Amino acid sequence: MRRFLILGLACLLMGWLPTAQAQQASPDDSAALELLEALDVSSYPAKGEAITAILQSDDERARDWLQALLDGRLQRTEDGRFVIVLDNSGRNWPVEDALTNESLGEMSRRDLNRIGINNALRNQLRSAIAVVDLYSPNVDRRRTSATRLLGEVDEELAAPLSELIAEEEDGQVQRRLAQALAIYQVESGQLEGVEALRGSLHPRARVALSRAANGDDPIVADAAREALASIEQNLKINRGIETLYFGLSLGSVLVLAAIGLAITFGVMGVINMAHGELIMLGAYTTWMMQQLLPGQPGLALILSIPAGFMVAALVGIAIERGVIQFLKGRPLETLLATFGISLILQQLVRTVISPLNRTVVTPEWMSGSLVINDALSLTLNRMVVLGFALVVFASLMLIMRRTRLGLEVRAVTQNRAMARSMGIRATRVDIMTFALGSGVAGLAGVALSQLTNVGPNLGQNYIIDSFMVVVFGGVGNLWGTLVAGLSLGVINQILEPWAGAVLAKIIVLVFIILFIQKRPRGLFPQKGRAAEG
Amino acid sequence: MMTQSSSSQFWLTRPLGERTTQIFLGVLFAALLLVTVLHLAVPQGHPLYVNAYTVNLFGKYLSYALLAVAVDLVWGYLGILSLGHGAFFAIGGYAMGMYLMRQIGDRGTYGHPVLPDFMVFLNWDSLPWYWYGFDMAWFAFAMVLLAPGLLALVFGFLAFRSRVTGVYLSIITQALTFALMLAFFRNEMGFGGNNGLTDFRELLGYNLRSNDTRLGLFIATGVALALGYILCRAIVTSKLGRVCVATRDAEARTRFIGYRVERFQLFVFVVSAMLAGLAGALYVPQVGIINPSEFSPLFSIEIVLWVALGGRATLYGAVIGAILVNYAKTVFTGVMPDAWLFALGAMFVLVTVLLPKGVAGLLIRRKRQKHDERASTGEASA
């Protein structure tokens, strides 16, 4: 079906091409042609002059030419026409005329001669394009070019730059340009630049300042040293925020992985060692959904939230009905049996799908990062997962506190026999709880698929950590799980830089073992009747 | 009844008067003798000949069996499901491995007189302090018991004192072995990191690659298993053992009666860890390598399966289970490696759901049935 569509589209395009070619060049193209022809010489200095000429020509196509030249896409045909290659992968390249921008169809790479450049020219081109962009009406383009100029300003540019800064309307561009100018000033030993760079987090500013701090002029050096100190201070704060962010992100994953466990363990006193594999199934559901809906990773991801929940919940019910119900009152045996199930599920995925990791695509609205400043940018996918974890937590809280099911679950948790004699069907509550806990594991898998590789061992890597969270937080207490998960995540991230990832993990495990000494029932122990289960 | 009548005897020899112990030891020594004879006296190529590889394999099974007995002691009689006994096994193994490493001397690849190869490779210039003394056999063999014992003492003291029991304790023991696995994977720990310790040459002067040494290790493991079994049996049938069983069945009540439950738990836990360490020390020279994978939580939980399959709280059941499961593993991984994890997983589920008393439970039931039949037929004829 898709192939036919593409074929039809291709026919349409080909039919349209001849008419497009009928349009002709406008009169001033002879001047433009001259500008370009100056580029096609063998001497690199001559090419440099030609580039300057193009810059000064005020031709509105100049930027495209320069960009194409920089990328090696400005080429010349055998009959002397200048063309821009649109896509230089593959054997035949689609090209367009450099002067008229009209498409010329595909050409073989053998019929084209590239206009070569060297590194010096490449640098010249880069700053030239940045300068051209500074005058562009497009704000985004001005921003990128201003950022690119940091540390690249030279004597020639400094003078027009101050004018530009005064004229600039966009605040961000203005600040960037001021910084770029200040870096130039510091590099050339002027004191006024140092003041402007105070607090700037850009690495180029730091390089310029530390060079100035070791410079000859004692006044400038002192000022630079002072400015550097303030920057370091600022950086430290930013690094702290970043650590906290990563810690919270890790913590949110732990919370997601552990909260389902907390429910089943809290209510039924049952350790489900296959919980990690339910997480894995959720992740694989996401992968499967993306296979079913190719090209729409975002939609697939959103659909896999209910799908992952359902898949994991159904498997959970199967486990409860098939095994756990026969092991009532024997928690240690339940642990072993569910461990067996986890082995089977893992091996099943290995045989049916593949022992190798699968990649789950991150949809566009989740990729990239939120740039706070030069030293701090928060990745979006982690932020979404953090938000997702909080939403899941809040909805579980609501279910437990505000619904009939939650009421029954709490009743059964506190006193099973009494609840049954009051007419609550404990078996049904068990099934529903187990389904809920397993479903949440599936949700955790959906979220995890956006952060790590999806493979058969995915769940195994999280199971011990999530047990630790449950034990640390106190069984049967959702708030405990939230606080324990987030704080363990943050502790781990704080320890990691000076202890290394592995040692940090070990320290956290030892910490929990010691913590249990003080509070055997976790951070938030159950009180009153619920405590004597 | 039997224990009462023989209570005047020395406590360690008391189990020798029991019928099950006699049968177990009889079967064990008969098996040892049979394998030895079939290996030495039968000519090669004869269908009954047992080659050195098989002897080695049996030796490995026997060290696993000793480990299973150690786990059964705490799980069967104390109710503590330890998911971290692999750690004690591995530490005992590492102690032995360190001794064997020092025995290599200057015959390693790099030819350094003191440092093992991996340390030379990592550019270490001297031996870390905890490697001192491991060139002496008596010290190393003492550490085989003391190192796991000490870890169990500290860990058990902390855990039992604060009354961590049940699934909590299982999870904490699992975390313990997991943490140790991560730690031993690090090169900086000085235990060979990923690759562990290997390339051993000789033990007490005997070449580890010769068939005679292998046979000797096999017999030694068998004897160790017998002694371990007798020791566990002695503990279990003693007064202390009965307090343990009481703790297993009703911890709170035992405490209320006035027993310091945590002390009993700690003692038995440490003994069990030492036995596990001994099993590890016998295992390492037979397989020729010790690496951090022995610390993996999967291995520790597999040990529990051996015990569950064989039958909890019987001791001989643990031996049966260890040998059965490991034999099955050898067969499966040879014939169809992919199916092994399915089989293992299925075993976990089936044993816990359908066979809660394990193979030993089946044996006991069969015996009882026969007994009942005989009783009823006797009545009928009379």
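1. A residue is called buried here if 20 or more other C-beta atoms lie within 10 Å of its own, exposed if 12 or fewer do, and partly exposed in between, with the C-beta atoms placed from the backbone; helices (H or I, at least four residues) and strands (E, at least two) are DSSP runs, numbered from the N terminus. By this count, the buried residues of helix H4 (residues 62-71) of chain A are A:Ala62, A:Trp65, A:Leu66, A:Ala68 and A:Leu69. They cover an arc of only 165° around the axis (taken from the directions from the helix axis to the C-beta atoms), which puts them on the same side of H4(A).

2. This is a predicted model, in which local features need pLDDT of at least 70 and side-chain atom pairs count only at pLDDT 80 or more, while totals for chains, interfaces and linings use all residues. Residues are numbered from 1 along each chain as its sequence is written, and chains are lettered from A and ligands numbered from 1 in the order in which they are written.

3. The model scores ipTM 0.84 and pTM 0.76. Chain B averages a pLDDT (the predictor's confidence in each residue, from 0 to 100) of 84, and 96% of its residues score at least 70. Over residues 1-7 of chain B, however, the pLDDT is below 50, and this stretch has six contacts in the model beyond near neighbours in sequence, a contact being two residues whose C-beta atoms, placed from the backbone, lie within 7 Å. Where pLDDT is low, the predicted coordinates should not be read in detail.

4. The buried residues of H4(A) pack against helices H2 (29-37), H3 (44-56) and H5 (119-134), and against strands S1 (74-77) and S2 (82-85), of chain A. Just after H4(A), A:Gly72 takes a positive phi of about 75°.

5. Strand pairing (at least two DSSP bridges between two strands) links S2(A) to strand S3 (residues 92-97) of chain A through three bridges, in antiparallel fashion, with A:Asp97 as the bridge partner of A:Val83. Their hairpin has six residues between the strands, and A:Gly90 in it takes a positive phi near 80°.

6. S3(A) is also joined by four bridges to strand S4 (residues 103-108) of chain A, again antiparallel, and A:Asn92 stands opposite A:Ser108. In that hairpin, with five residues between the strands, A:Asn101 takes a positive phi near 65°.

7. In chain B, B:Lys60 lies in helix H3 (residues 52-78) and counts as partly exposed, because it has 19 C-beta neighbours inside 10 Å. Neighbours within four places in sequence aside, B:Lys60 is in contact with B:Tyr283, B:Gln286 and B:Val287.
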